[in-house]
Structure formats: structure tokens, C-alpha cells
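Please keep the sequence and the 3D view open while reading.

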Amino acid sequence: MKLKLFTLIGVTLGWIPAGRGGIAEGLKAIDRGDYASALTELLPEAERGNRACQAVVGKMYEEGNGVARNYAEAAKWYRRAADQGSASAQVALGVFYLKGRGVAESHQEAMKWYQAAAAQGHAKAMYDIGTLYENGQGVARNMAEAARWYLRAARQGEAAGAYDVAGKYQFGQGIPQSDVEAWAWFSIAACSGYRDAGQRRETIGARLTFAEIQEATRLRDQRLPKK
């Protein structure tokens, strides 16, 4: 996720208090692409303990916005924010541990931070936990747990979770096989831009009865975000 989108989501969700002096100026600087000025405004707030600013500063070091890219420094700021309960920072720190960016690679630590974020309802963290179970990273490989976490993520609106749990339903991997559920979840993934989700849905649809298509459509419509 790029810095501008990262901060936009933060302001929208309320974990970046946009109206406060230095923070407001920092966000304006990010919006116009003046990352050096943004760092000048946000770093003091981060040093004073503002966890949202700590997460944004971590993102700036990760991407090299306004400062030389430095994964170790990014990890330091993500950890400070994560220790204060920032779910976005917890996920970012989990990714760093998974890939060994700025920290020693540790799939167990990645799982720990993903679980902390998932406990706060973070959908991407739920999906990432599913991938760890599917790949046997930091835990014993467990397709039932992978499917369970993909489903939890999908129900929270995570497109990747919808796509992967659809595949699990299609082939009965870790979850009872159901073409109806697979069709419904592939449809949702297709709405989120997954290129082959529509094709996989049509392949499944070719063997469904009219009543099953109706039920799958009902499930899809029930689960799609309401406009």
C-alpha cells in the first residue's frame, strides 16, 4: 500500500488526527508529494508517542519517501506503533518478519503480529494468517485453519480472502466441498478485480442447477458490501 493511500485510510478511519497542527501540515505535504516536509512535521509527533504518526513514519522509511529507504528504521517505527496497538503497524511489522526486512526473518514473529492485528478485526491480517497456515510458515501446515482464516477475512471484505476461500470450497481443501459457495465467493472476488475469478465462476456455474445458481446468487448478494 502506497503512502498516500495509507494516510488517506488513516484519516478516514480516524486513527490519524488530521486537525492537529504538525499532523495537519504533514498530511498536506504528503498530499502534494513533498515528503521531506512531511517527515519534518510528522517525526516530532512520532517521537512524542503518536502511534499513527509512528506508523506513517515507518511507511516513509519503508518506501523511501522524503528519506533514504531504510528497512531497519522502518521496522523500528512500526514496532513502536505496533506496541501501542496500531493494527496497520502490526500487519506491516508482520510482513517485515515474514520477509526478513530490517529484522531477522521469523515466521513465528510474523504470526504473532498478524494475530495481534486480527484480534482488532484487521481483515488483511486474517488473510495473512491463512497464508501462513496454508504454507506451513511458523506453524504446522493446516488447510482447515487456512480455510477458516480466509473465510474470516472474506467476511470482513478482504478480496484475496474471498478468492482463496472460493478455491478451497471448489476443491474441498480444509472445508467441505461446495460449488455453490465457490461460485458465490468467486463472484465477490470478480467484483473486486480478480481477473480469473469470473472465469472460474463460469466453469463452476456450468455444472450447477438453476436452483443452485439462484442460491449462489443470493449468497453473493447477501455478502457484497451494501452501496
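The model is predicted. Two packed helices are described by the angle between their axes and the distance between the axes.

**Helix 10 with helix 11**

- Helix 10 covers residues 159–171 and helix 11 covers residues 179–191.
- Their axes lie 8 Å apart, and the packing angle is about 155 degrees.
- Angles over 145 degrees count as roughly antiparallel, and helix 10 and helix 11 are therefore roughly antiparallel to each other.
- The crossing of this pair is left-handed.
- On the side of helix 10, the contact is made by Ala 159, Ala 162, Tyr 163, Val 165, Ala 166, Gly 167, Tyr 169 and Gln 170.
- Helix 11 contributes Asp 179, Glu 181, Ala 182, Trp 185, Phe 186, Ile 188 and Ala 189 to the contact with helix 10.
- By type, the residues of this contact are 11 nonpolar, two polar and two charged.

**Helix 11 with helix 13**

- Helix 13 is formed by residues 210–223, and its axis comes within 8 Å of the axis of helix 11.
- The two axes cross at roughly 45 degrees, which makes helix 11 oblique to helix 13.
- Helix 11 passes helix 13 in a right-handed crossing.
- From helix 11, the residues in this contact are Val 180, Glu 181, Trp 183, Ala 184, Trp 185, Ser 187 and Ile 188.
- From helix 13, they are Glu 212, Ile 213, Glu 215, Ala 216, Thr 217, Leu 219, Arg 220 and Arg 223.
- The residues of the contact of helix 11 with helix 13 divide into eight nonpolar, two polar and five charged.

**The second largest pocket**

- The volume of the second largest pocket is about 170 Å³.
- Its lining has 14 residues, and those nearest the centre of the pocket are Ala 154, Gly 157, Ile 188, Arg 223 and Pro 225.
- Helix 9 (143–155), helix 10 and helix 11 each supply at least two residues of the lining.
- Which helix gives the largest share of the lining? Helix 11 does, with three residues.
- The lining of the second largest pocket is made up of eight nonpolar, three polar and three charged residues.
- Ile 188 of helix 11 is listed in the contact with helix 10, in the contact with helix 13 and among the residues nearest the centre of this pocket.

Note on methods: Residues are numbered from 1 along each chain as its sequence is written. This is a predicted model: local features need pLDDT of at least 70, side-chain atom pairs count only at pLDDT 80 or more; totals for chains, interfaces and linings use all residues. Side-chain values use heavy atoms; hydrogens and water are left out. Axes are lines fitted to C-alpha atoms, for helices over the stretch in contact, and angles run from 0 to 180 degrees between N-to-C directions. Helices (H or I, at least four residues) and strands (E, at least two) are DSSP runs, numbered from the N terminus. Angles under 35 degrees count as roughly parallel, over 145 as roughly antiparallel, 65 to 115 as roughly perpendicular and the rest as oblique. A crossing is left-handed if the near helix is turned anticlockwise from the far one by less than a right angle, and right-handed if clockwise. Contact means heavy atoms within 4.5 Å. Ala, Val, Leu, Ile, Met, Phe, Trp, Tyr, Cys and Pro count as nonpolar, Asp, Glu, Lys and Arg as charged, and the others, Gly among them, as polar. On a 1 Å grid over the protein atoms alone, a cavity is a set of points where a 1.4 Å probe fits but cannot get out, and a pocket is an open set with protein on both sides within 12 Å along at least five of seven lines; lining residues have an atom within 4 Å of a point. Grid points are joined across faces, edges and corners, and a volume is the space filled by probe spheres set on the points.
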